Amino acid sequence: MYKFDREAYDRRMEWYRDARFGMFIHWGLYAIPARGEWVRSTEQIPKEDYMKYFEEFNPVDFEPRKWAKAAKEAGMKYMVLTAKHHDGFCLFDSQYTDFKSTNTKCGRDLVAEYVDAVRAEGLKVGLYFSLLDWFHDDFPHYGDRYLTYMHNQVREICTNYGKLDVLWFDFSYDTLRGEAWKATELINMVRKLQPDVIIDNRLEVSGEGYGSLAAGNPTSYHGDFVSPEQMIPPNGIQDVNGNDIAWESCVTMNNHWGYCANDHFFKPAPMLIKKLVECVSKGGNLLLNVGPDARGNIPEESIERLAEIGKWMKKNGESIYGCGKAGIEKPDFGRVTRHGNHLYFHVYENTVGPLPLPGVKKEEIQAIRYVATGAEIPVSTSWVHSDYPTMAFADLGEDPVLPDGVDTVIDVILKK
């Protein structure tokens, strides 16, 4: 009988809780039709017609070191690449299928090059693996033959590419959950080969649902974190006992995971910065997606946004890394993250008069500083807030325009 080991769990989750920000990469044959990663399913493309993309696949611009550098410059701490998505095409050299990158014009094990590049930049390595496989003859009626095939491919990923930091399964649905995937057997193998790897919760659920760890009765294949998709939980995520649990919101920059040539509805960088702050303020991570094109280039719109996020992170990253919920109410002007005795007030818009610091008393404050510059901010002594003697206020000066129009971060250092 499986017994959850809290100490072992907390130990392997430590880096992940500190990291807070990662890059998701959806890439494969579907970058050629350029209508999203579900194109074969949504357009009901027959296998023989989809094979033309396999014959054509040759990403001549693929340089994973560029991807890793872009992630690092953006302030991301880990990356997760689709080693195999739902179409069954493998970016790795699997001995159990011919439907793989090494059999295309490309002729390369792209996962091997990716993991080397990510490690070279000092980032944590993650791989995504689809439990679905539209290419396999047994789809959609999976039986032992398919499960043997799927388990063998997971074994390859866990054996052939060195230490993995994240293994991102996707996804369970209807009756195909848990033991329908022989999940106990699968995870026992994974934990033996990669004892410290962090695994999502989608052997039990899809992008909706929390899984057995949140239910207070963890199975052997429970997820290490909950994986809400294309949304940020309103109040973070708690288990049945009301305790905060680890979660990661996976979000696209535009409206598709895989490259979509006509989708130019990209979220502005200031919005993405604020969504990262929102995740951290609620105790979660943000896994932000890019979808490289058929040549292997991350779209320019994504590169521009990553650079803008990185510029902000270089100045304000200490309010993100290792931070979490502040334990005080959200202010009207922004959000609050916390690390120990540091309360980071993220100010999106200035206030009329001195800045109120809800949940903080004047006598509790050791100092206040702008995070970006280290400049001192005085505690306000103005008469205008004399009706609120139990709340501290910060004096940001006479200029109503904030130093950073996106998010000016103020470090309120509390006395220990």
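Let's begin with Arg20, which is buried at a relative accessible area of 8%. For the cut-offs, buried means under 20% relative accessible area, exposed means over 50%, and partly exposed is in between, using a 1.4 Å probe and protein chains only. Quick housekeeping: this is a predicted model, where local features need pLDDT of at least 70, side-chain atom pairs count only at pLDDT 80 or more, and totals for chains, interfaces and linings use all residues. Numbering runs from 1 along each chain as its sequence is written, and side-chain values use heavy atoms, with hydrogens and water left out.

Back to Arg20: its phi is positive, about 65°, although it is not a glycine. You'll find Arg20 in the loop between α1 (6-19) and β1. When I say helix or strand, I mean DSSP runs numbered from the N terminus: H or I with at least four residues for helices, E with at least two for strands.

Ala34 also has a positive phi, near 60°, and is not a glycine either. Ala34 sits in the loop between β1 and α2 (39-42), and at 10% relative accessibility it counts as buried. Why flag these at all? Because most residues other than glycine have a negative phi, and most peptide bonds are trans.

Speaking of which, there are cis bonds to look at. One joins Phe139 and Pro140, with omega about 0°, and Pro140 is in the loop between β3 and α6 (144-160). Another cis peptide bond runs from Asp170 to Phe171, with omega near -10°. Phe171 lies in the loop between β4 (166-170) and α7 (183-193).

**Helix α5**

At the start of α5, a side-chain oxygen of Asp109 comes within 3.2 Å of the backbone nitrogen of Val111. After α5 comes Gly122, with a positive phi near 75°.

**The cores**

In soluble globular proteins, nonpolar side chains tend to be buried together. For this model, a nonpolar core is a set of buried Ala, Val, Leu, Ile, Met, Phe, Trp, Tyr and Cys residues joined through side-chain atoms within 4.5 Å. The largest one has 97 residues, and the members touching the most other members are Met79, Val154 and Phe169.

Click on Phe169 if you like: leaving out residues up to four places away in sequence, it touches Phe129, Leu131, Val154, Leu186, Ile187, Ile199, Asp200, Arg202 and Leu203. There is a second, separate core of 20 residues, including Val336, Val347, Leu396 and Ile410.

**Charges and cysteines**

How many salt bridges does the structure hold? The answer is 25, where a salt bridge is a side-chain nitrogen of Lys or Arg within 4 Å of a carboxyl oxygen of Asp or Glu.

A few to look up. Arg35 and Glu43 pair at 2.6 Å, N to O; Arg35 is partly exposed at 40%, and Glu43 is partly exposed at 39%. Lys163 and Asp165 have their closest N and O atoms 3.0 Å apart, with Lys163 partly exposed at 46% and Asp165 buried at 7%. Glu376 and Arg369 come in at 3.9 Å; Glu376 is exposed at 60%, while Arg369 is partly exposed at 28%. There's also a salt-bridge network linking Arg65, Lys69, Lys72 and Glu121.

Last topic, disulfides. With a disulfide taken as a pair of cysteine sulfur atoms within 2.5 Å, the count is 0. Cys250 is in none, as the nearest cysteine sulfur, that of Cys279, is 10 Å away. Cys250 is buried at 1%, and Cys279 is buried at 0%.

Methods. A polar contact is a pair of N or O atoms within 3.5 Å; within protein, one must be able to donate a hydrogen and the other to accept it, and residues adjacent in sequence count only if both atoms are side-chain atoms. Contact means heavy atoms within 4.5 Å.
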